[in-house]
Amino acid sequence: MNKGELIDAVQKNLGKDASRASAEAAVNAVVDTITKTVKKENVQIIGFGTFSKVKRSARSGINPQTGEKIRIKASKSVKFKPGAKLKAAL
């Protein structure tokens with residue numbers, strides 16, 4: 001499912017009174033809020049899961065095209081841990 005399909009599913013779930021524009025605004029608001037908040041703190045949605053910021057330390061690696069050893073810089077990433085209801089739904 002891509003973002004457009006998600007917007008269509010949200011619109012369908014909201015009912016006939018909801019427009020595609022309002023569903024798109026809702027999806028964008030949720031994504032933007034999670035993006036801004038996870039920079040500062042964990043975002044926990046009970047039953048769905050938790051988004052958290054993680055630090056990856058610098059490490060060595062190998063370029064798969066050349067076989068040359070390279071140094072991978074330290075970076076920040078986002079980790080998602082699914083909640084119990086989401087796990088049970090699978």
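## Accessibility and basis of the model

A residue is called buried under 20% relative accessible area, exposed over 50%, and partly exposed in between, using a 1.4 Å probe and protein chains only. The structure is a predicted model, in which local features need pLDDT of at least 70 and side-chain atom pairs count only at pLDDT 80 or more, while totals for chains, interfaces and linings use all residues. Residues are numbered from 1 along each chain as its sequence is written, and side-chain values use heavy atoms, with hydrogens and water left out.

## Helix α1

Helices (H or I, at least four residues) and strands (E, at least two) are DSSP runs, numbered from the N terminus. Helix α1 covers residues 3–14. At its start, a side-chain oxygen of Asn 2 comes to within 3.1 Å of the backbone nitrogen of Gly 4. After α1 comes Gly 15, with a positive phi near 110°.

## A salt bridge between helices

A salt bridge requires a side-chain nitrogen of Lys or Arg within 4 Å of a carboxyl oxygen of Asp or Glu. The count by this rule is 1 salt bridge. Asp 8 forms a salt bridge with Arg 20, and their closest N and O atoms are 2.9 Å apart. Asp 8 belongs to helix α1 and Arg 20 to helix α2 (residues 20–38), 12 residues apart. Asp 8 counts as partly exposed because its relative accessibility is 36%; Arg 20 is also partly exposed, at 37%.

## The exposed end segment

Leu 90 lies in the segment after α3 (84–89). With a relative accessible area of 88%, Leu 90 is exposed. Leu 90 and Glu 5 are 85 residues apart in sequence and 20 Å apart in space, C-alpha to C-alpha.

Methods. The expected span of a helix is 1.5 Å times one less than its number of residues. A polar contact is a pair of N or O atoms within 3.5 Å; within protein, one must be able to donate a hydrogen and the other to accept it, and residues adjacent in sequence count only if both atoms are side-chain atoms.
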